[in-house]
Amino acid sequence: MPEFPNIILFAIPVFVLAMLLEMYVTAKQQIKSYEVKDSFSSIAMGLGNVFVGFLSKAIVLLAFFWIYDNFRLFTIPIAWWSFILIFFADDLSYYWFHRISHESRLFWASHVVHHSSKHYNLSTALRQTWSGGFYSFIFWLWMPLVGFHPGMILLQMSISLLYQFWIHTEAIDKMPKWFEAVMNTPSHHRVHHGSNPLYLDRNHAGILIIWDKLFGTFQPELKDEKVVYGLVVNIDTYNPVKIAFIEWRNLFKDAFSGNKPFKSRLLYFIKPPGWLHDGTGKMSGDLRDEWLENSSQSQSQSQSQSQSQSQSQSQSHNEN
């Protein structure tokens, strides 16, 4: 096992200093992005994630080594060029993990934790799941199979997590255009945390925004559509235990209560959040389509009113 450092633990003091700096900058900019109880909840979730991570990462490492030692197709050496390969391999894996975490309620049950704050700041980046680490690693299982060393995989996963810390801020508006075109940025990720119908389930990128552009899930931040942070239906609690497990409770309640066929019970775990077996539920795509239709109608009405006013003014001018 190569000796790779646990860079997340080393980064904790940097996280604290960065949050203090952000508080100062946002206060100067008159941006109210911090709320004391909410920030403490986020920090508590982050600390819980670190402690639970000692167990979940042991399970992940065992799974990676089992595949690497028994089933790997090739052996990719630990070299400078293999770190370039694993950068793209990990980032693509993260994109699909993140996207499925919004499109399957089983994965949403753990990922919803990260979206449960109605504020957007660096402490929100620390609001991490206590349960997802035990099963979300399946999206990375192909990597030891093709020959990436498990130690390299865990290191790159940590690098990706570190990169995503700084993009959780309102203190930075836009990065240079070339950077915005390729990389995930605060602007792109603010969209991802929006509960606005237009912004739901967009911008799943880890480090590179190119995956969203390639797979059709990219949405730029619009000046006339201010991001509303949080969930479509917010959980309204600061209790870390409730934040960690409330969606699991709701999922099992929806799946196993009432009189419904086995297939419907199973589909509650597979289908996206908002799906209901009786067909009355609204998923993010439905909400977005409704919003776009209403927006289109509003624009048409506005244009008609503008044309009517212009015609009226023209007739008045001719009469005079």
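**Annotated spans and a surface patch**

A: This is a predicted model. The unreviewed UniProt entry lists residues 6–25, 46–68 and 74–97 under "transmembrane region".

Q: What is the helix content over residues 6–25?
A: Residues 6–25 are 95% helix and 0% strand.

Q: Where does UniProt put the domain?
A: The unreviewed entry places "domain: Fatty acid hydroxylase" at residues 83–217. In the model, that span is 53% helix and 0% strand, with its end C-alpha atoms 27 Å apart.

Q: Switching to the surface. Which residues form the nonpolar patch?
A: L9, I12, V16, L17, L20, M23, L47, F51 and F54. Together they have about 870 Å² of accessible area.

Q: Which helices supply at least two residues each?
A: α1 (7–28) and α2 (36–71).

Q: Which one gives the most?
A: α1, with six residues.

Q: Take I12. Which helix is that in?
A: I12 lies in α1, and I12 is also one of the patch residues.

Q: Why does I12 count as partly exposed?
A: Because its relative accessibility is 33%, and partly exposed covers what falls between buried, under 20%, and exposed, over 50%.

Terms used
Residues are numbered from 1 along each chain as its sequence is written. This is a predicted model: local features need pLDDT of at least 70, side-chain atom pairs count only at pLDDT 80 or more; totals for chains, interfaces and linings use all residues. Side-chain values use heavy atoms; hydrogens and water are left out. UniProt positions are given in the numbering used here, feature names are shortened, and annotations may be inferred rather than shown by experiment. Helices (H or I, at least four residues) and strands (E, at least two) are DSSP runs, numbered from the N terminus. Patches are made of residues with over 30% relative accessible area and no salt bridge: like charges are joined within 9 Å, nonpolar side chains (Val, Leu, Ile, Met, Phe, Trp, Tyr) within 5 Å. Accessible areas come from the Shrake-Rupley method with a 1.4 Å probe; for residues, only the protein chains shown count as cover. A salt bridge is a side-chain nitrogen of Lys or Arg within 4 Å of a carboxyl oxygen of Asp or Glu. Buried means under 20% relative accessible area, exposed over 50%, partly exposed in between (1.4 Å probe, protein chains only).
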